[in-house]
Amino acid sequence: MKLVNNRFVQAVAVLGVVATLALVTPRAAHAVAVAAALVQVTNTVASPAITQDTSKRAGQLVQLICGGSAVNITQDVVSSCFEFSLALALGPPSAYSVPAGQNLVITSVELSNSGGYTGNNQLFLGDTHQGVNYHQWTFSGPNTVEFQYPSGIALSSGTAPVVTSINGGAFLQITGYLTSN
């Protein structure tokens with residue numbers, strides 16, 4: 001009988017310690033332990049697991065140059081955007097259009113006045129297919145200005161971005177990445 005009582009006392013003591021630890025341990029630790037038990041990732045050749053942020057993957061990066069002749073945006077003329085690549089240097093490129101099934105997320109824009117223009121200027125980023133203006137910038141002087149958009153400006157599938165300069169010649173370079181719809 002004494003043996004049974006000792007084991008009973010030991011079991012109650014162990015349960016007491018476990019209950020005390022359960023009360024003392026933060027709820028967040030419980031949630032992490034439960035979530036970790038539910039998530040399993042299998043990385044196979046047929047179905048690779050993506051381990052890098054979409055915006056950092058080289059195959060998804062897009063760099064556009066906007067303008068007409070000599071990549072210059074002229075006053076009051078709608079200028080197409082072209083993907084910056086070797087093809088741009090080799091000959092007349094075709095206007096860029098966001099590929100089907102994807103969105104273009106613009107993360108930065110670099111712009112400057114060109115053609116000797118040093119006054120105030122205003123640029124509009126739009127889409128002639130949809131007749132929409134997505135964004136506008138106002139800047140001045142011969143300086144180069146860069147705008148960063150951490151959350152991005154999203155252009156939908158099929159969008160053909162164009163830029164219009166209101167006051168003078170300008171140069172615009174857009175950097176972003178593609179995401180799936």
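Cys-81 is buried, with a relative accessible area of 0%, and Cys-66 is buried too, at 0%. Here, buried means under 20% relative accessible area, exposed means over 50%, and partly exposed is in between, using a 1.4 Å probe and protein chains only. Keep in mind that this is a predicted model: local features need pLDDT of at least 70, side-chain atom pairs count only at pLDDT 80 or more, and totals for chains, interfaces and linings use all residues. Residues are numbered from 1 along each chain as its sequence is written, and side-chain values use heavy atoms, with hydrogens and water left out.

Back to the cysteines. Cys-66 and Cys-81 form a disulfide, with their sulfur atoms 2.0 Å apart; the cut-off for calling a disulfide is a pair of cysteine sulfur atoms within 2.5 Å. The link is right-handed, with 100° about the S-S bond. It ties together distant parts of the chain, 15 residues apart: Cys-66 sits in strand E1 (residues 61–66) and Cys-81 in strand E2 (residues 78–83). A search of the whole structure turns up one disulfide.

**The overall layout**

The protein chain has three helices and eight strands. These are DSSP runs numbered from the N terminus: helices are H or I with at least four residues, strands are E with at least two. Reading from the N terminus, the order is α-α-β-β-α-β-β-β-β-β-β. Of the 181 residues in the protein chain, 30% are buried.

What order do the strands take in the open sheet? The eight of them run E5-E4-E7-E2-E1-E8-E3-E6, with antiparallel pairing. Two strands count as paired if DSSP finds at least two bridges between them. Strand E5 (132–140) and strand E6 (144–155) are the edge strands, each pairing on one side only. On average, neighbouring strands of this sheet are turned by 25° against each other, direction ignored. For that angle, axes are lines fitted to C-alpha atoms (for helices, over the stretch in contact), and angles run from 0 to 180 degrees between N-to-C directions.

| Strand pair | Pairing |
|---|---|
| E1 and E2 | three bridges |
| E2 and E7 | three bridges |
| E4 and E7 | five bridges |
| E4 and E5 | eight bridges |

Ile-65 stands opposite Phe-82 in E2, and Ser-79 has Val-163 in E7 as its bridge partner. Asp-127 stands opposite Pro-161 in E7, while Phe-124 faces Gln-136 in E5.

**Strand E4 and its hairpin partner**

Why is E4 described as largely enclosed by the rest of the structure? Because six of its eight residues are buried. The hairpin of E4 and E5 has four residues between the strands, and Gly-131 takes a positive phi near 65° there.

Over in strand E5 you will find Asn-133. Asn-133 is exposed, with a relative accessible area of 54%. Not counting residues up to four places away in sequence, Asn-133 touches Phe-124, Leu-125 and Gly-126; contact means heavy atoms within 4.5 Å. Asn-133 and Val-162 are 29 residues apart in sequence and 9.2 Å apart in space, C-alpha to C-alpha.

**The core and strand E3**

The largest nonpolar core has 23 residues, and those with the most contacts inside it are Leu-104, Ile-106, Val-109, Leu-123, Val-163, Leu-172 and Ile-174. A nonpolar core is a set of buried Ala, Val, Leu, Ile, Met, Phe, Trp, Tyr and Cys residues joined through side-chain atoms within 4.5 Å. E1, strand E3 (102–113), E4, E5, E6 and strand E8 (170–180) each supply at least two residues of this core.

Leaving aside neighbours within four places in sequence, Leu-104 has contacts including Val-62, Leu-64, Tyr-96, Ile-153 and Tyr-177.

Ser-108 is found in strand E3. Buried or exposed? Ser-108 counts as buried, at 10% relative accessibility. Beyond its neighbours within four places in sequence, Ser-108 is in contact with residues including Phe-147, Tyr-149 and Ile-174.

Looking at the protein chain as a whole, residues 24 or more positions apart account for 72% of the contacts with a separation of 6 or more. The protein chain exposes about 11400 Å², with carbon and sulfur atoms supplying 60% of it; accessible areas come from the Shrake-Rupley method with a 1.4 Å probe, and for residues only the protein chains shown count as cover.
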